[in-house]
Every structure is written in C-alpha cells, then in structure tokens.
Amino acid sequence: MSNVNNLSSSRIMNWFKFSSPSTFYPLAGKMIPWFWALTIIFGVAGLWVSFFVAPVDAVQGQGYRIIFVHVPASWMSMFIYLVMAAWAGLGLVFNTRLSAMMAQALAPIGAWMAFLSLWTGAFWGKPMWGAWWVWDARLTSELILLFLYLGFMALQASIDNVRRADKAGAILALVGVVNVPIIYFSVKWWNTLHQGASVSLTKAPAMAQTMLWGMLLMALCFWMYSIAVGLMRVRAIILEREAHTDWVKQLNEVKP
Amino acid sequence: MWNSPAEFFAMGGYALYVWCSFGVCALVLLLEPLAVRARHKKIVQRLQREVIAEQFDQKGGQ
C-alpha cells in the first residue's frame, strides 16, 4: 500500500515539475517543430483527399467540399474550449501559474476556430439554404461560443492584477462550458436547418469512406496546428509574465 | 475527377463559396502563427535590452 502511494506521489511530482514555467519553456520549444511537421503532413494529405479523392456529392455537387474545413474548425472550436476551461479550472484549484497561461494561450485559437466555423458555415449556407445566416439553434449557440472566447480574453485583459485576472477568467470559462453540449446536441434538441452530426460514435457514418477520411485528416491537421500555435503563444506569455525572474535573464536567446 | 485545371477552379459552379471558405481558413492559419512569432520576438528583444541595461549599470558603478 505504501509502495503504491510512493509510486503515485513520485509520478505526481514529475508532472508538477513540468508545471513550472522554467522547465516547460525549453520543452515547449523542442516540441513546436514536431507539431508543425505533423500539421503540414496531415494538411497536405487532408487537402489531397478533400479535392482529388473524395467523390462529388449527389445532392450538393462540388459545393459540399466546404465540409473539409467547416467540420474540423467547428470540432476544434468546441474541443479547445473544453481544454481551455480544464486548464483554467486546474489553475483555479492548484494555483499553478502555467495552467492559467495555457488557458490564456488557447483562447485566441479557439476564437479563430469559432470564427472560421461561422465563416465557412455562411459560405456553405448561402448556396445550399439561400441564406448567409439564420437564427437557428446550432448557429446561434456557436456564435455564443465565439462571444465566450472574446469575453474570456477581454475580461483577462481588463484586470491589471494577473492572478486575479486568471481567477476571474477561469470562472467565466467554467460557467461557459455549459454551452458546449448545447452546441453539440442542438441539432437533436431543436428543429433546425442545420444537418445532423456528420460522425456518430453509435452508428455507422452516413457518408462515403473517403469523405470521412478527408474530414478526419483535416481535423488532425487543425488539431496539430492548435497545439503548435498554443505552445508558441504560451512561450511568449511565459516570458512576458516571468520577465522579472533570473531564469528568464539567463536564457540563451536573451543573453546579449 | 477533374478534366482540366479550369474545371477544378470552377468547382462545379461553387467556386466563390469553396474558395472563400478555404482561402480565409488558409489566411487565418497563416497569419496567426506569424502574429504569435512577432509577439515572442518583441518580448525577447525587450528582455535583451533589459539585460544590456543591467550590465551597463553594473559597469558604470565600479
């Protein structure tokens, strides 16, 4: 019993070691090129499948190809929100500096993904539904997600004390989590113009295998991109917040 | 599937919608990392100036 306890506590120690900005900063720097490489590999493969392998849609013609950016952007906008709220919550509970910085680094990426989801949705809706925008449950809840991201960033920017800004932001992020299942299930709960879920865990996908592959490859590309940019931004945030510390002044890139 | 580049770019009549979607996505995914890199560069330069100023201060005191 005591052995198990020792093991788990040493494992926790290891994780907390990386929660220190001074050890995470160089580690993140080493990981970034790998995530960019994965982004490019998945992006090239995904675009190739999207345009040259996936067959034309029987109903929507070539216009359906917008799905290959629309669905990944929408998935990532919801997923990043959950990850951001989890980091913010961890920061609130354990009072770890890095967690709050991670949440702050992810917010703009999530906001851009929500914007891209709405933008590509508008350019898909216009030819298929005849309207750029409708006040429908799916579209409206996604718009609220964009506003939650913007609200999180604006709230953090408006409070001068960094620790208090982190706490206020974390509470906003955690309350906003309720919106994510609303977006996801909106097509089931309400009558809506928006089509149902493209991929379901419980039933076979209702689309050609190649279309599904294109979508998954593009989603992986967006995912790797989010990690790469998130790590890049968290490194900038670490330097900004830790500017007064000795370890930052001893970094190779800072030394004159 | 595509018989000519022109047919590819026409996207079966959906060119405006398809290329505006993919184009804006590409633009955003390109500009965001550039903005983040500029932010990182800015803070590194500020820190470099601070370190130089500190060294100058110490030398001047002796």
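Select helices H5(A) and H7(A), which are roughly antiparallel to each other (a class for angles over 145 degrees) because their packing angle is about 160°. Helix H5 of chain A covers residues 137-158 and helix H7 of chain A covers residues 179-189, and their axes lie 8 Å apart. Helices here are DSSP runs of H or I with at least four residues, numbered from the N terminus. Axes are lines fitted to C-alpha atoms over the stretch in contact, and angles run from 0 to 180 degrees between N-to-C directions.

The model is predicted: local features need pLDDT of at least 70, side-chain atom pairs count only at pLDDT 80 or more, and totals for chains, interfaces and linings use all residues. Residues are numbered from 1 along each chain as its sequence is written, while chains are lettered from A and ligands numbered from 1 in the order in which they are written.

Remain with the first pair. The crossing of H5(A) and H7(A) is left-handed, meaning that the near helix is turned anticlockwise from the far one by less than a right angle. Residues of H5(A) including Ile144(A), Leu145(A) and Leu148(A) meet residues of H7(A), among them Ile182(A), Ile183(A) and Val187(A). Contact requires C-beta atoms, placed from the backbone, within 7 Å. This contact of H5(A) with H7(A) comprises 7 nonpolar, 3 polar and 2 charged residues. Ala, Val, Leu, Ile, Met, Phe, Trp, Tyr, Cys and Pro count as nonpolar, Asp, Glu, Lys and Arg as charged, and the others, Gly among them, as polar.

Next, select H3(A) and H8(A). Their axes come within 8 Å and cross at roughly 45°. The crossing is right-handed. Among the residues making the contact are Trp75(A) and Met76(A) of H3(A), with Phe222(A) and Trp223(A) of H8(A). By class, 14 residues of this contact are nonpolar and 2 polar, with no charged residues.

Then turn to the largest nonpolar core, of 77 residues, in which Met84(A), Ala103(A) and Leu106(A) touch the most other members. H8(A) gives the largest share of this core, 19 residues. Centre the view on Leu106(A): leaving aside residues up to four places away in sequence, Leu106(A) touches Ile80(A), Val83(A), Met84(A), Trp87(A) and Gly230(A). Such a core is a set of buried Ala, Val, Leu, Ile, Met, Phe, Trp, Tyr and Cys residues joined through C-beta atoms within 7 Å, buried meaning 20 or more other C-beta atoms within 10 Å of a residue's own.

Finally, display both chains: 32 residues of chain A are in contact with 25 residues of chain B.

Notes. Two residues are in contact if their C-beta atoms, placed from the backbone, lie within 7 Å. Helices (H or I, at least four residues) and strands (E, at least two) are DSSP runs, numbered from the N terminus. Angles under 35 degrees count as roughly parallel, over 145 as roughly antiparallel, 65 to 115 as roughly perpendicular and the rest as oblique. A residue is buried if 20 or more other C-beta atoms lie within 10 Å of its own, exposed if 12 or fewer, and partly exposed in between; C-beta atoms are placed from the backbone.
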